[in-house]
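Subject: Structure handover

Hello,

The structure is below, followed by notes on what was found in it. Please read the notes with the coordinates open.

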Amino acid sequence: MRRLVAVLLALVCGACGSDSSTMTPASPTPLPPNLPEPLETELAAIRADPLNSVGYGEKAFTPYEPNEAHALISYRDPAVTRRLLAEIKASEDRVLKLALLHVLGKRSDDTVDAALLSAFKDPELTATAAYLLGRAGFKGYPKRPRGDLDAIRAALRRHLDDDTPFDDPFQRSTFRTGDFALAAYLRLSGPSHFTFDAPDTASVVGYTLPNFSEGERATLVAQANRHR
Amino acid sequence: MAALDQLHEPAPEQVPAPAVAAPAVEQAPSLARVLALQRSAGNAAVSALLNRRPLARDLDPGAPATEAATADPAASPIAGLAAKAGSAVGLRALLAADPGLKAQIAAWFAAGNEDPSLNAMLGEAFAPVAVAAPAKTADKLPTDPTVPMPAPITDSKKLDKGTMKWTLKADTQSSARCDVDFKADETKVEAKAISFGQTVVNQLGQKNFYAGATPADPEKNKSTYTPFEEATTKKRMDHMPDTENDPFYGAEWDQTQKKWVKESDDYVPGSSQKGVSSTSAKMFDIPGAGVAREGLGDASKQFETVPMILETRQPLGSLSWGFKIKDEANAPIELTGGKQDDCVDTPSADWGATMDQFYVGKFAEILDDFDIAKSDLKPDHKTKLDSIVTKLKANAALSAQFGGAADLTGDQKFNEELSLKRATNARDYVVSKGIDAGRTELQSYGSDWARVEAEAGKSEGKNRRVQIWLH
């Protein structure tokens, strides 16, 4: 039964996550921990219009640009990360969860990796969490203290063959979840350790949206599985 | 809606054409309601409903009860459906021939009936499709796959102060990649750090387009970026306003090492020791058009990439490049600039004004004209710092970075200490006014970051400064 529901939901909802702008009820009661007023205001703005709270970056290597979260990103207190994760776990709106995850992934405190790994376990969030785990320290993503990189890489490696489609509401495109895991794995392991079909790919893998050909994917997955 | 379409339109090579024309999504009210519910309440709510009660009745109280939900389960056509279909392909054919069947299946399972064979068959028939490559929506990329990409431009030019090499090419039909290498002429250039000051004008139709824009609001974040725009040309320095405190493309300040370092392995600051040797400064950029060919106007991005000495702000050359995409369904990406004539010794007249505007837009206050070799705050410095205190007290989410700098006179070690002392004095002043020191950060640039162009050995008051970034 669960599988059937999943299939039906995939059929019915798989391509529909892109238009939550007309809905998204505000959270009835704020979740703990409470944040300073400017941050609560930003959270409310994201809840009100999650789809438009993440726009395009100007660069191919910054495809996601949170719009309403300047303080949520820069405020140093790890309580913000805890609150964002709590909001993500409590929400039933897939687009809102993804929008908040993009905000969380741009933060710099030392609890971010653990929060992303927690989100990574949610199939709706796996692709985005993988992307964010892979891209600390470049163009808009701070060099945050990293968690256990071996554990992160191991988690990513388990999803290299994940064919689940990821319908990205912000990009209006569908990707393969495993491609995000693969790209993040290559980035965290060091792109110079791998051979790409196009040499330019090494400079941006894990930053740009994944776009592997079938042949390149197979080659890179094999390389990734050999790489420890 | 590709997945939903599969339910109505089996692949032609798998099954014969359906006897009944596939209905549009709007003609399936229960699924439309599911869609609406998912949007308003999320997947979990839909899942709960599917598990709890018959689909059609739950989603549309006015709808008649479905046969599957009311009749004897054994008598329902769904009970023998798996055997009748025989395979996943057969099931898809049956669903295509009888569009109403899908709602009956959903309601039948939701009513609590079990059929592992049918369940497995459904899973196989509608298994998630492996996506070989991003399936871009047709409105963003040309629908005609034969639309050609422009030929790459690879070229080089010897300039007065060094040699510029570049490759400009289409990265996709919506983005271009430019790799630039500048190697200073060591017979003419003395520079600790050479990087790039790149300006950008990013347009969609008649509007400027900014990072964070969405198709619904192409001018989203305009208020964030307009402070950086030069008034006449609307050029701005190409940087990340939320996370970067400098206008340089490819270099970032490392306060631990107290020097400019590369932003990534492929962004490399260069250097030049006059009469000895020089190393290349390297960068790449991949600007993209998130919105193009969607009825919002032609997309255009224009850049001027200027290699420059960071400690003097002296430009060493200029390369203009970019791309445009007409607002037509199958319009190809067109590269602009990047030719020999677009590489020149001197930047455009407005490049310097755009760089000046960066400092206006970036820093809440700049305390300048410190006395030579001194770090004492002047009365006008304290007035500006009082303004900083007011802003920090008004917004608990703000932090302040104090960046101290010295001019190009004097000993390097002395200037490092002097710039730190200037920043420290400014920070201590706001802390004395009640601001938590934990909300502040110190940086010290010595004489490695010039705000205005200056020659080595000459004093320049605007470079003897503390710049305060609130973020």
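Helices (H or I, at least four residues) and strands (E, at least two) are DSSP runs, numbered from the N terminus. This is a predicted model, in which local features need pLDDT of at least 70 and side-chain atom pairs count only at pLDDT 80 or more, while totals for chains, interfaces and linings use all residues. Residues are numbered from 1 along each chain as its sequence is written, and chains are lettered from A and ligands numbered from 1 in the order in which they are written.

Chain B

Chain B has 13 helices and 19 strands. Of its 471 residues, 45% are buried (20 or more other C-beta atoms within 10 Å of the residue's own, with C-beta atoms placed from the backbone). Contacts are pairs of residues whose C-beta atoms, placed from the backbone, lie within 7 Å. Among those in chain B between residues at least 6 apart in sequence, 69% join residues at least 24 apart.

Ala454(B) lies in the loop that runs between strand E18 (440-444) and strand E19 (465-470) of chain B. Ala454(B) counts as buried because it has 21 C-beta neighbours inside 10 Å. Beyond its neighbours within four places in sequence, Ala454(B) touches Thr312(B), Asp407(B), Leu408(B), Glu460(B) and Asn463(B). Thr312(B) is 142 residues away from Ala454(B) along the chain, yet their C-alpha atoms are separated by 5.2 Å.

Four strands of chain B form an open sheet in the order E1-E2-E3-E11, with antiparallel pairing; strands pair if DSSP finds at least two bridges between them. Its edge strands, each pairing on one side only, are E1 (153-158) and E11 (281-285) of chain B. From one strand to the next the twist averages 10 degrees. Within this chain, strand E2 (residues 162-172) and strand E3 (residues 175-184) pair in the antiparallel sense over 10 bridges.

Chain A

Helix H8 (residues 149-157) and helix H9 (residues 177-189) of chain A pack at an angle of about 150 degrees, with their axes 9 Å apart. Axes are lines fitted to C-alpha atoms, for helices over the stretch in contact, and angles run from 0 to 180 degrees between N-to-C directions. H8(A) is therefore roughly antiparallel to H9(A) (angles over 145 degrees). Residues of H8(A) in the contact include Leu149(A), Ile152(A) and Leu156(A), and those of H9(A) include Ala181(A), Ala184(A) and Leu188(A).

Regards

Note on methods
Buried ≥ 20, exposed ≤ 12 C-beta atoms within 10 Å, placed from the backbone. Contact = placed C-beta atoms within 7 Å. Parallel < 35°, antiparallel > 145°, perpendicular 65-115°, else oblique.
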